[in-house]
Structures are given as C-alpha cells and as structure tokens.
Amino acid sequence: MTRAAVARAGMPVSGHLKEARTRGARAAAALLVAIVISFLLSESILDVLRQPIEQLAEDRNASLNYDSITGAFDLRLKIALFAGVVLSSPVWTYEIFAFISPGLTKRERRFTFSFSLAGIVLFLSGCTLAFFFFPHIVELLAGFASSEDSTILVAATYVDFVMKIVAATGIAFVLPVLLVLANFVGVLSAEAIRKGWRVSLIGIIVFSALVTPSADVLSMFMIAIPMATLYAAAMLIAHLHDKRRDRKIARTEYASLAG
C-alpha cells in the first residue's frame with residue numbers, strides 16, 4: 001500500500017469531506033470557466049450550426065426562429081453548458097481520478113487512468129467527427145419537404161437535434177473502451193467479442209448510415225471505418241489480455257503441482 005493510501009485510510013471522515021469539497025470546487029471552477037469561454041464563443045458556434053439552414057434558404061424559405069423573448073439567450077446558454085462540460089472534461093475527470101486513486105493499488109490506478117484517458121480522447125474524437133458531418137443529416141431530412149414549402153425551425157429544437165447526434169457519435173466511439181474494460185474485469189471474453197463481430201459490423205454500418213444519410217457513400221465509410229477499426233483493436237487487446245491471463249493461470253497451476 002502506498003503512503004497516500006495509508007494516509008487516506010487513517011484520514012477521518014471530515015478529512016475525506018474536506019478533500020472532496022476541495023476537488024469538487026476545482027472541478028466546478030474549471031466547468032465555470034469553460035462555460036464562460038463557451039458562452040463567449042456560442043455565437044460563432046451557432047453560426048456554424050446555422051450554415052445548413054442558410055444553404056436551404058438558397059432554394060426555399062428557411063430560417064431559425066425563437067419562440068420567446070429570451071429564446072436567443074436561452075439557446076446561447078444551452079450551447080455554453082454543453083460545450084463547457086465537454087471542454088472541461090479533462091479537468092473534472094482528473095479530479096475524480098485523483099480523489100479515488102490513493103485508495104487503489106498501483107495497477108488499479110494505472111488501469112483506471114488509462115481507460116479514463118482513452119474514453120475522453122475517443123469521445124472528443126467522435127464528437128468532432130459528428131460535428132463535421134451533421135450538415136448532411138440536415139440536408140437529407142429537410143430535403144423531404146417540397147421546395148414550395150417553408151422550413152421554419154425552432155432554434156432550440158434544432159440545436160437539441162444536433163447536440164444529440166454529436167453526443168451519440170461520441171458515445172459510440174467510447175463503446176470499444178467499454179468492451180475492453182468488460183474483458184479486463186472478467187465479464188466478457190475475447191472469444192465472445194470475436195463471435196459478435198458480424199452483428200457489431202452491421203450495427204456500425206447502420207449507425208454510420210443514420211449519422212451520414214447522404215448520397216455520398218464515402219461519408220458513411222469515413223464514420224464506419226474508424227468505428228470498425230476501434231472494434232478490431234478492442235478485440236485484439238482482449239485477445240492478448242486473455243492469452244496473458246491463461247499463461248499466468250497455467251504457470252500458477254504448474255507451480256502448485258510442482259510444489
């Protein structure tokens with residue numbers, strides 16, 4: 001047990017609460033700063049989100065509308081909150097890890113840190129990719145309306161729609177990390193992951209088609225290929241982990257019989 005773990009074990013409840021408040025305050029401060037920065041950038045973000053609507057407006061009457069006097073402010077605040085949580089995620093993830101790490105073994109700390117870091121990187125990568133491709137979705141869905149019709153969208157509903165797509169893609173990119181985590185804790189074997197590759201591949205293709213529903217098949221594969229690669233990487237890591245575990249068990253059994 002490390003010195004930090006020993007110190008933590010002997011710490012009274014008040015000490016735990018004090019440390020939790022300190023780390024919680026740091027995480028909250030980082031979140032607040034990120035929200036303020038995001039609010040200042042929210043108009044620029046909204047300009048990017050508005051581009052597909054502006055393209056529609058070239059062929060028909062299309063615009064974003066607010067259904068209340070405070071609608072514009074509420075929308076910018078919503079964008080700031082969403083972007084602030086994502087932007088500050090490395091800080092509050094670290095504070096959570098730093099709070100629980102003294103009670104973990106060295107292997108458990110390395111294990112937790114690695115999976116947390118991989119999850120954050122993949123989530124941000126998925127969100128970035130979805131943010132790049134979301135105009136295709138707007139173009140397709142709005143294309144079902146006749147050019148004679150008007151596309152009048154409630155701004156808050158439209159931004160919620162985009163945020164859900166971005167968040168869903170980010171979460172989808174994290175799923176391979178969860179597969180490896182399930183393997184490392186003994187819940188899911190590498191063989192089970194391997195047997196499920198066909199179903200997983202179909203799911204990846206369907207998800208990619210939904211996220212990039214355009215006539216450009218290349219766009220779909222630009223989503224599907226990274227996800228399939230991540231799944232294959234998860235399968236390989238799980239296979240190597242199970243192989244190493246089996247060798248360790250075999251050595252232990254051999255040593256037991258030899259003794």
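Trainee: What should I know before I start?

Mentor: This is a predicted model, where local features need pLDDT of at least 70, side-chain atom pairs count only at pLDDT 80 or more, and totals for chains, interfaces and linings use all residues. Residues are numbered from 1 along each chain as its sequence is written, and side-chain values use heavy atoms, with hydrogens and water left out.

Trainee: Which residues have the most contacts inside the largest nonpolar core?

Mentor: General idea first. In soluble globular proteins, nonpolar side chains tend to be buried together. A nonpolar core is a set of buried Ala, Val, Leu, Ile, Met, Phe, Trp, Tyr and Cys residues joined through side-chain atoms within 4.5 Å. Buried means under 20% relative accessible area, exposed over 50%, partly exposed in between (1.4 Å probe, protein chains only). Here the largest core has 19 residues, and Leu49, Ile53, Ile79, Tyr158 and Val159 have the most contacts inside it. Helix 2, strand 1 (62-65), helix 3 (71-87), helix 5 (106-142) and helix 6 (155-184) each supply at least two of its residues. Helix 6 gives the most, with six. Helices (H or I, at least four residues) and strands (E, at least two) are DSSP runs, numbered from the N terminus.

Trainee: What is Leu49 in contact with?

Mentor: Contact means heavy atoms within 4.5 Å. Leaving aside neighbours within four places in sequence, Leu49 is in contact with Ile79, Phe131, Phe134, Tyr158, Val159 and Val162. Apart from this core lies another, of 18 residues, among them Leu129, Ile193, Ile223 and Ala238.

Trainee: Where is Leu181, and which residues does it touch?

Mentor: Leu181 is in helix 6. Its relative accessible area is 30%, so Leu181 is partly exposed. Leu181 touches Phe111 and Phe115, not counting residues up to four places away in sequence. Leu181 and Phe115 are 66 residues apart in sequence, yet 7.5 Å apart in space, C-alpha to C-alpha.

Trainee: Which residues make the nonpolar surface patch?

Mentor: Patches are made of residues with over 30% relative accessible area and no salt bridge; like charges are joined within 9 Å, nonpolar side chains (Val, Leu, Ile, Met, Phe, Trp, Tyr) within 5 Å. Accessible areas come from the Shrake-Rupley method with a 1.4 Å probe; for residues, only the protein chains shown count as cover. Leu32, Val33, Val36, Ile37, Leu40, Leu41 and Leu87 make a patch of about 660 Å². Helix 2 (residues 13-56) gives the most to the patch, with six residues. Val33 is found in helix 2. Val33 is partly exposed because its relative accessible area is 48%.

Trainee: How many salt bridges are there?

Mentor: A salt bridge is a side-chain nitrogen of Lys or Arg within 4 Å of a carboxyl oxygen of Asp or Glu. The count comes to seven. One joins Asp47 and Arg50, with the closest N and O atoms 2.7 Å apart.

Trainee: Why does spacing along a helix matter?

Mentor: An α-helix has 3.6 residues a turn, so residues three or four places apart point the same way. Asp47 and Arg50 are three residues apart in helix 2, so about one helical turn separates them. Glu191 and Arg194 are also three residues apart, in helix 7 (residues 190-195). Their closest N and O atoms are 2.5 Å apart.

Trainee: Is Asp242 buried or exposed?

Mentor: Asp242 is buried, because its relative accessible area is 8%. The side chain of Asp242 meets that of Arg245 in a salt bridge (3.6 Å, N to O). Arg245 is partly exposed, at 35%.
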